[in-house]
Every structure is written in C-alpha cells, then in structure tokens.
Amino acid sequence: MKYSGFVVLTCGLFSIASLAQSKERHILVEENNVENITNQKINVAQSKIEDPSVYLDSIKATFVNHKITNKIEKQWLNKLNSSDIYEEIQEDIESIDLAQIDDEYDGLTTDLLKERLQLLNEKTPFNVEYNETLEKVIKSFLKKRKRSFERLMGASEYYFPLFEEKLAKYNVPLEVKYLSIVESALNPNARSRVGATGLWQFMYATGKQYKLEVNSFVDERIDPVKSSDAAAKFMSDLYRMFGDWDLVLASYNAGPGNVTKAMRRSGEFKNYWNIRHNLPRETQNYLPAFYATMYMFEYAKEHGINADKTPIQLVETDTIAVKRAISFDQISKLLDITNEEIEFLNPTYKLKFIPYVSDKVNVVRLPIDRIGIFASNEDKIYAYVDFEESKKEKPIYNMNEMLAERSDYRSKYHTIRKGESVGIIAQKYGLTVAQLKKMNNMKSNTIYPGKKLIVGKTVVAQASASKGFYTVQKGDSLYSISRKIPGVTIARLCELNNMQNDSPIHPGMKLKIK
C-alpha cells in the first residue's frame, strides 16, 4: 500500500520481474560490458590485487544501473534517533506534575476541554472522559512539551502509516498508534532501565512469546515492522481477556496480572479510573499520558502545533534476501549509501552485520533504487565480499602445518548459546557447516544451549611422529620431550641424534624420534 512519499513493503524478497523496464534500458550497456567485465576479472586474478579499494572501484565500474540518487536527510535521521524526547516523556509518566494549573492555559478552559474530549469519545472505542487528572496532564504537556510534539508529529509521518496497517490487521483501534509516543517517543532504539526495547517497548520474554527473535546478531524488538505486528497481536489478545481498551493499555504497561489484582483490590470494579489507585504508579500515569497525547495530536492546530519543518526526504523502500553474510560497511561502500541510512532502515541487526543462516532468510531493507542495483549485481557484490573475506586472517586447520609449528595445541571449544545455529557457529570460526559437523560427529543440525562443540582440531606432540621429527619448543628438555612422546626415551633420543644426556638443545632444533 502506498503512502505519501513512502511505501512500507512487507515482502521478504524483491521480485526481479519488477525491474524489467529498468533492465531493458540497460541491456545494451550490459552486453557491451560483458567482454570488458571478463577481461577485468582476468586482470584482477593475474595481478592479485591487494588493495580492497582498487578492487571495489573495479567492481562498481561494472555495475548495471549504477547511479547516485537522493538520500534520506541525515538531519532528519538524527532527530528520529534522538533519545531526548523519549527521556522527557518517561520522566513525565513517572512523575507528572499534577499541581494546580490555571483554569485557562493556552486558550484551553475546562469547559472547552470537556467539549473536545466529548468529540474524541464519539470517534473512538476508548472511554475518553473528562477528569481533573487528565486536564492537568494535557495542560502540563501544552506548557512544557509543545516543541517536542512538533518533532513527534514530523516523525509520525514516517511511522503512523505502518502502525495503522498492523493495527487494522488485528482489529485494534487505530488510535493505539498514539501509544507508541508514550512508549518510545518513536525512537526504535529506545531502551528502558528494565530492558524493554524498541518502538513498542517489548520485554525479552514477551517478545519471545510473540515470535520476536533476539540473539547475538539480531533483536527483532527493534524492527518497526515485526514489532508493530507483535504489539497489535498482543493487544488483540489482551482485549479478548478484558473486553475493555482502557484495561488493555493498562495491561500492556503493567501486565494482565497486576490489572486483575487491582480489580480484586478495588472491589471488583472494572473501569480503569476506579482501579487506578491500586495500579503501579507508572501505570497510574500511563492512561492519562496516552489520552493527553491523543488530544495533542488531534487538536494540534488549535494550539499552534505544527509538524517539524525539517526537510524530510521520504523514500520508497523494499527488501531483498542476502545470500552471503555481509556488513553494513560493505553495503555502504558498494551501493553509495550512508551507514546511517542502512542502520535506520535495518535497526534489527545489532552488530551492523547481516548474517547468512542456511535455514533462515535474512533480508536487508534499502531504498528502492539501491535494491535494484543490488538485485542486478548480486554476483559482483558477493565477489567483493569474498575478496574482503580472503584478506582476513584465518585459523590454520591444516594438521601438517600446525604440527610443524607447535606441539602444545589443544582442542578449542564453543559453548552453544540460546538462539545460535550450526551455521552461525561455523561462520564465527571460519568453518563450513560440513566441517563443523564432521569435527563433532554430528548427523544433524540439531544443537542444544549449554553443550560444547569442538571448533578446532586437537593437536598433540606425538602426532608429529608421522614425520619422524620433533621441533624443539621454548622450555623443552630431553626429559620433557620424552614425556610428551610415548615410546621415546631419553636414551633413544640421544642414540638417534648422536647426543649425550647433557647435550644442549634450543628452540627450532629438529630431533629424530624414530
């Protein structure tokens, strides 16, 4: 579904067919480049390019549909990711100043407020009713947070269409979109002091309950699309439990157990305002903050509150599945897109790295024109990724090389963590899945947290007997060598090497052992 200036596409894979028109315009260029590309590859192989920047330029020079277009405004990205408004709103919720406020503030009288709240009540399934606490919160926001709401209204142009789509999917009132202001101030990276994370402030356990994956690489609580879907489903489930949207929001904040406990302590009252005094302090201010936020958005013009005028470049985006592990930095260099843009569009990836897992699809979200370049040049993009990978130092798993260098190598183990797969562990240690399974005599990919896997070969000194020599290490003596190699005595070492018991040895010397 298209929105003003921005499209949220939830499909996981980009349809190559949708690039047909773009490809037709570039077919001639592609055909003319084929011979050049082939020659370049040969030249690269022959010259053994060492400088990644040189290879990067040679790769990008062959890209189909390679062009530079508009980028997301960096100043706007910085404002969206700013934590100051989130901290202000959390402070308000925890300790809203309910001291007496003037009967009239910013042209808002008690009577006028009652009229406006009545109109809101007619438009929503929520119980929007006047009370003195709500009046004080609204006037407190008008007094202290006008500028903050201008920025929030600007950010809402990006997020609210996405929220509304997910809320409608589960028949949740669209006004719940305002709850995201109270929860996170529209900051996807918001994290509370107790660990609640993302736009909808999911705790770890609740996120897992609603299929939001959290592991070493990924935290889907930060993903705007997936977390919004989970939040809408969670609220739909809570409504089936309570049948009242005020209590749904109270339960979302405090947990359904605390709400039912407050109902029992209040003599079985079921109206939020009647049980409010028995709820946790934060939840007591939670609904007033939500209704005050709804009022601020719905009556913004009446109070001279306008969306932030910062230039905003909203762009159409799409996703494409990655077929190789790739970093944000590599994508940035290859597609001429800033790291900030990639991080903003892909906040789920905690390490700024998109892992490749054989049994799962991981995707990257990019502006639509960059998706086109990615899809048309995948082989070249992954060739560059392989080139950079080849420059990294790798563990040595050749047994003969290791034996020639050292005799004290021992097995290296990895303790499996929750959320890890065989693919992730193998990738971490520079192994293929087949190598890792062979090392551990595994017949399937099934692993369990807490168990240990061998991620390096066991090397012991006696194995060097296959070559008939032992390389003396620092600190070695004839006695220690004889203890390391079964069946080889000091006398035998002396006999084989024409030595005496007190003959000196030094590191690097090779001794016959058979």
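Contact here denotes heavy atoms within 4.5 Å, and helices (H or I, at least four residues) and strands (E, at least two) are DSSP runs numbered from the N terminus. The structure is a predicted model, in which local features need pLDDT of at least 70 and side-chain atom pairs count only at pLDDT 80 or more, whereas totals for chains, interfaces and linings use all residues. Residues are numbered from 1 along each chain as its sequence is written, and side-chain values use heavy atoms, with hydrogens and water left out.

**Figure 1. Overview of the protein.** The protein has 23 helices and 10 strands. Of its 514 residues, 49% are buried (buried, under 20% relative accessible area; exposed, over 50%; partly exposed, in between; 1.4 Å probe, protein chains only). Among contacts with a separation of 6 or more, 70% are between residues 24 or more positions apart.

**Figure 2. Packing of helix 5 against helix 6.** Helix 6 covers residues 132–144, and its axis lies 11 Å from that of helix 5, at an angle of about 100°. Helix 5 is therefore roughly perpendicular to helix 6 (under 35 degrees, roughly parallel; over 145, roughly antiparallel; 65 to 115, roughly perpendicular; the rest, oblique). Axes are lines fitted to C-alpha atoms, for helices over the stretch in contact, and angles run from 0 to 180 degrees between N-to-C directions. On the helix 5 side, Thr110, Leu113 and Leu117 meet Leu134, Glu135, Ile138 and Lys139 of helix 6. The contact of helix 5 with helix 6 comprises 4 nonpolar, 1 polar and 2 charged residues. In this classification, Ala, Val, Leu, Ile, Met, Phe, Trp, Tyr, Cys and Pro count as nonpolar, Asp, Glu, Lys and Arg as charged, and the others, Gly among them, as polar.

**Figure 3. Packing of helix 5 against helix 14.** Helix 5 (residues 110–123) and helix 14 (residues 281–298) have axes 11 Å apart and pack at an angle of about 95°. Helix 5 is thus roughly perpendicular to helix 14. Leu113, Arg116, Leu117 and Leu120 of helix 5 form the contact with Met294, Tyr295 and Glu298 of helix 14. By class, the residues of the contact of helix 5 with helix 14 are 5 nonpolar, no polar and 2 charged. Helix 14 is mostly covered, with 14 of its 18 residues buried. The end C-alpha atoms of helix 14 are 27 Å apart, which agrees with the 26 Å that its 18 residues should span at 1.5 Å a residue (expected span: 1.5 Å times one less than the number of residues).

**Figure 4. The largest nonpolar core and Trp200.** The largest nonpolar core has 70 residues, and those with the most contacts inside it are Ile138, Leu179, Trp200, Met235, Tyr252 and Phe290. A nonpolar core is a set of buried Ala, Val, Leu, Ile, Met, Phe, Trp, Tyr and Cys residues joined through side-chain atoms within 4.5 Å. Not counting residues up to four places away in sequence, Trp200 touches residues including Phe163, Val176, Leu179, Met235 and Tyr252. A second, separate core of 28 residues includes Val218, Ile331, Leu335 and Ile373.

**Figure 5. Surroundings of Leu335.** Leu335 lies in helix 15 (residues 328–335) and is buried, with a relative accessible area of 2%. Apart from neighbours within four places in sequence, Leu335 contacts Phe63, Leu366, Arg370, Ile373, Phe374 and Ile381. Ser376 is located in helix 17 (residues 368–376) and is partly exposed at 22% relative accessibility. Ser376 and Phe63, 313 residues apart along the chain, have C-alpha atoms separated by 7.9 Å.

**Figure 6. Two loop residues with positive phi.** Most residues other than glycine have a negative phi. Gln201 has a positive phi, near 50°, and is found in the loop between helix 8 (179–184) and helix 9 (204–209). At 10% relative accessibility, Gln201 is buried. Asp336 also has a positive phi, near 55°, and lies in the loop between helix 15 and helix 16 (339–345). Asp336 is partly exposed, at a relative accessible area of 22%.

**Figure 7. Surroundings of Ala426.** Ala426 belongs to helix 20 (residues 422–428) and is buried, at 1% relative accessibility. Leaving aside neighbours within four places in sequence, Ala426 is in contact with Leu431, Thr432, Val433 and Leu436. Ala426 and Val455, 29 residues apart in sequence, lie 7.8 Å apart from C-alpha to C-alpha.
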